[in-house]
Amino acid sequence: MSDPAPETRPADAGSSAPVALEVRGLGLTYRLPRRGPFEPGASLPALQGVDLAVPRGARFGIVGESGSGKSTLIRLLAGLERPTTGTVTVGGRPVDAGAGAGRLRWFRRITGLVLQDPYASLDPRMRVGSIVAEPLRSLRVRGDHDALVADALRRVDLPADAASRFPHAFSGGQRQRIAIARAIVHGPSILFGDEPMSALDVVVRARIIEVLQTLADDLGLTLVLVSHDIGVVQRLCDHVAVLDAGRIVDAGPIGLLDASEHPITRALVDAAPTLPSPPDGR
Ligand SMILES: Nc1ncnc2c1ncn2[C@@H]1O[C@H](COP(=O)(O)OP(=O)(O)OP(=O)(O)O)[C@@H](O)[C@H]1O
Ligand SMILES: [Mg+2]
């Protein structure tokens, strides 16, 4: 059976919403290779002192320019990498990315992850059904795996016979749906995304946004989405945090993107291409 749902605890002062994910003092410093035998190894603080509280059921966007630390942050949140400082907790329970697979299984059960590149993330030699079922096998989920895979494929709007085909038979947008199906098949409550739409063209991107919105509504997911694309975050998210040089410099409800006077936020919003308007204008 599935592990118990994470407990809830009060969010930061000023909000009474239960917290899905809490981050305190999170930092990661990359050690760079030494340039010569007598040179000290340099280090790069990619992320420093990040505090976040993601309310349960929120659609939380993390934006920032290239190199600001977005992928580093989502990797830490998703338990793929161990922080140099600070903690990630779910319901007060620490996520120890250095622990063995067995000790982190509770966290893998309640989370899913979608990455940017739908071509690199799917094994071309495996049938789609087997790709989507992978978390069920590795997390030792009981039940009818074929039925769970069929349900996940239906939720992302792929035909049922997709399971018997190979990834090369699918377009980029369809492959990203396969990746999303794999990320939700085991029934997680938190879905992480690192630029899940940025490899896709505008029309397909809009469809994937719809798919994620419907999934979040139907399954009550908490979404944590990293993107350099302000338009995607404005459409999909209700909370946002702005990263700059490894630090959160601005955070709050999504209206912040229009209202904030922080120079980094303003620069990001002003540099964003204008979204295509609906047919009847603005
Ligand atoms: N494995 C690594 N080793 C050393 N430095 C790294 C490593 N991964 C990332 N960095 C550096 O850490 C900083 C943050 O990188 P990160 O990939 O998190 O940025 P990002 O905001 O996701 O950028 P992008 O929008 O281009 O994807 C950058 O300076 C990057 O060069
Ligand atoms: Mg990145």
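"Buried" here means under 20% relative accessible area, with exposed over 50% and partly exposed in between (1.4 Å probe, protein chains only). By that cut-off, K70, T72, L73, I74, L76 and L77 of helix α1 are buried. This is a predicted model, where local features need pLDDT of at least 70 and side-chain atom pairs count only at pLDDT 80 or more, while totals for chains, interfaces and linings use all residues. Residues are numbered from 1 along each chain as its sequence is written, and side-chain values use heavy atoms, leaving out hydrogens and water.

**Helix α1**
- Helix α1 covers residues 70-77 and is mostly covered, with six of its eight residues buried. (Helices are DSSP runs of H or I with at least four residues, strands are runs of E with at least two, and both are numbered from the N terminus.)
- Just after α1, G79 takes a positive phi of about 70°.

**The sheet**
- Six strands make an open sheet in the order β6-β7-β8-β3-β9-β10, and the pairing is mixed. (Two strands pair if DSSP finds at least two bridges between them.)
- β6 (111-114) and β10 (247-253) sit at the edges with a single partner strand each, so one side of each has no neighbour in the sheet.
- From one strand to the next, the twist averages 15°.
- β7 (residues 190-194) and β8 (residues 222-227) run parallel and are joined by five bridges; I190 has T222 in β8 as its bridge partner.

**Helices on the sheet**
- Helix α5 (residues 172-184) lies across β6 and β7, at about 165° to β6. (Axes are lines fitted to C-alpha atoms, for helices over the stretch in contact, and angles run from 0 to 180 degrees between N-to-C directions.)
- Helix α9 (residues 263-271) lies across β3 (59-63), β9 (239-244) and β10, at about 105° to β9.

**A183, a residue of α5**
- A183 belongs to helix α5 and is buried, at a relative accessible area of 4%.
- Leaving aside residues up to four places away in sequence, A183 touches G112, L113, V114, P188 and L191. (Contact means heavy atoms within 4.5 Å.)
- The C-alpha atoms of A183 and A133 are 9.8 Å apart, although the two residues are 50 residues apart along the chain.

**The α3/α4 pair**
- Helix α3 (residues 128-138) packs against helix α4 (residues 145-155) at about 115°, with the axes 9 Å apart.
- On the α3 side, the contact uses V128, G129, V132, A133, L136 and R137, and on the α4 side H145, L148, V149, A152 and L153.

Definitions and conventions:
Chains lettered and ligands numbered in written order.
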